[in-house]
Amino acid sequence: MIPDTLTADTRSIHTLQTTAWWLYLFHAVCFLLTLGILSFVPLVLNYLARPKAAHTFVYSHHTWQIRSFWWYFVWGCIGSVLYITFIGIPGALIVWILAWGWYAYRLIAGFTTLDKHLPMPFPDH
């Protein structure tokens, strides 16, 4: 017979994993429909959910999503600055396309790694 604590822990981790999965999906929908403009909504939810996932593999997924958003935001801003300078419009388009592809890769990599019940690699603070 499995102890109740093990069952409760398993249920808890499954709930945390499901939350992270939905947040990946929410980021992806915002990314595809608004090019990430509305991604601040799942970002806030990641910040709220991450402390509950402390000491589990799911914590790394929230960190992965948060960092993915902020780097995508930085590269979007760099592209915007280039776009303003008219001469930099081709450079801005290249930056935006590369940032879009990188963010898509991060979301797909996160989804697949979460489904395998594995943590995301990220540098220690």
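1. Asn46 is buried, with a relative accessible area of 0%. Here buried means under 20% relative accessible area, exposed means over 50%, and partly exposed is in between (1.4 Å probe, protein chains only). Asn46 lies in helix α2, residues 40-49. Helices (H or I, at least four residues) and strands (E, at least two) are DSSP runs, numbered from the N terminus. The side chain of Asn46 makes a polar contact of 3.2 Å with that of Gln65. A polar contact is a pair of N or O atoms within 3.5 Å; within protein, one must be able to donate a hydrogen and the other to accept it, and residues adjacent in sequence count only if both atoms are side-chain atoms. Not counting residues up to four places away in sequence, Asn46 touches Leu23, His27, His62, Gln65 and Ile66, where contact means heavy atoms within 4.5 Å.

2. Basis of the model. This is a predicted model, in which local features need pLDDT of at least 70 and side-chain atom pairs count only at pLDDT 80 or more, while totals for chains, interfaces and linings use all residues. Residues are numbered from 1 along each chain as its sequence is written, and side-chain values use heavy atoms, with hydrogens and water left out. The average pLDDT (the predictor's confidence in each residue, from 0 to 100) is 88 for the protein, and 91% of the residues score at least 70. Residues 1-6 have a pLDDT below 50, and this stretch has one contact in the model beyond near neighbours in sequence.

3. Overall layout. The protein has four helices and zero strands, giving the pattern α-α-α-α along the sequence. Taken along the principal axes, the C-alpha atoms fill a box of roughly 70 × 25 × 20 Å. Of the 125 residues, 36% count as buried. Among contacts between residues at least 6 apart in sequence, 65% join residues at least 24 apart.

4. Nonpolar core. A nonpolar core is a set of buried Ala, Val, Leu, Ile, Met, Phe, Trp, Tyr and Cys residues joined through side-chain atoms within 4.5 Å. Which members of the largest core touch the most other members? Of its 21 residues, these are Tyr24, Phe31, Val58, Tyr103 and Leu107. At least two residues of this core come from each of α1 (4-34), α3 (57-84) and α4 (89-115). The helix that gives the most is α4, with seven residues. Leaving aside neighbours within four places in sequence, Tyr24 is in contact with His61, Trp64, Gln65, Leu107, Gly110, Phe111, Leu114 and Met120.

5. Helix α4. The buried residues in α4 include Ala92, Val95, Ala99, Tyr103 and Leu107. Leu98 is also found in α4, but Leu98 is exposed, with a relative accessible area of 60%. Leu98 and Tyr72 are 26 residues apart in sequence and 9.8 Å apart in space, C-alpha to C-alpha.

6. Helix spans. The expected span of a helix is 1.5 Å times one less than its number of residues. For the 27 residues of α4 this should be 39 Å, and the end C-alpha atoms are 39 Å apart, which agrees. The 28 residues of α3 should span 40 Å; the end C-alpha atoms of α3 are 42 Å apart, which agrees.

7. Positive phi values. Phe86, which follows α3, has a positive phi near 45°. His55 lies in the loop between α2 and α3, and its phi is near 65°, a positive value in a residue other than glycine. His55 is exposed, with a relative accessible area of 85%. His117 is in the segment after α4; its phi is near 60°, again positive in a residue other than glycine. His117 is partly exposed, with a relative accessible area of 48%.

8. Cysteines. How many disulfides does a search of the whole structure find? The search finds zero, with a disulfide taken as a pair of cysteine sulfur atoms within 2.5 Å. Cys30 is in no disulfide, and the nearest cysteine sulfur, that of Cys77, is 17 Å away. Cys77 is likewise in no disulfide. Cys30 is buried, with a relative accessible area of 7%, whereas Cys77 is partly exposed, with a relative accessible area of 34%.
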